Amino acid sequence: QVQLVESGGGLVQPGESLRLSCEVSGFTLDRYAIGWYRQAPGKEREEVSCFSLGDGSIYYEDFVKGRFTMSRDSARNVVYLQLNSLRPEDTAVYFCATKMWCGLVGFDDRGQGTQVTVSS
C-alpha cells in the first residue's frame, strides 16, 4: 500500500523560501515517477514538477523554473520540493503523487497535501 505524507508548508512573505517534504512508503524511489502538484481555491489543479526516478530527470513547469527545485533522499524515501522566491500566486495546497512516468497527465496515489500561503 502506497502512502505519501507531505509536510513543510506554511505562511511566508513574498520572496521567502520553504522546503516541502514528501515521505513515501510502499514505493521505492528508484523507478517510476513522483510529481508535485498544487491547487489553489477556485483554480484548476496544476503540475509543478516531476521526477523521473529511474533516470534522474526532473521536469519543471515554466512558471516555477529557476525558483523551485526537486530532489530525493532515497535512503530516507523522501522527495523534496525547495520553493524559493515565492510569490503570492504560488499560494496553494501542494501535494505529491506517484505515477508511471513523467508526461502522464494523471497520477496513481497522492498525499493529503500541505498548505503554502504567500502573503505580505
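Analyst: Let's start with a definition: a charge sits over a ring if NZ of Lys or CZ of Arg is within 6 Å of the ring centre and within 35 degrees of the ring normal. This is a predicted model, where local features need pLDDT of at least 70, side-chain atom pairs count only at pLDDT 80 or more, and totals for chains, interfaces and linings use all residues. Residues are numbered from 1 along each chain as its sequence is written, and side-chain values use heavy atoms, with hydrogens and water left out.

User: Which ring has R19 over its face?

Analyst: R19 is 4.1 Å from the ring centre in question. The ring belongs to Y80.

User: How do the rings of F27 and Y32 pair?

Analyst: Rings of Phe, Tyr and Trp (its six-membered ring) pair if their centres lie within 6.5 Å; planes under 30 degrees apart are stacked, over 60 edge-to-face, and the rest tilted. Here the centres are 6.1 Å apart and the planes meet at 40°, so F27 and Y32 are tilted.

User: Is F27 buried or exposed?

Analyst: Buried means under 20% relative accessible area, exposed over 50%, and partly exposed in between (1.4 Å probe, protein chains only). F27 has 12% relative accessibility, so the call is buried.

User: What ring does the charged end of R110 sit over?

Analyst: Y37, F95 and F107 form one aromatic cluster. R110 puts its charged end 3.6 Å from the centre of one ring, that of F95.
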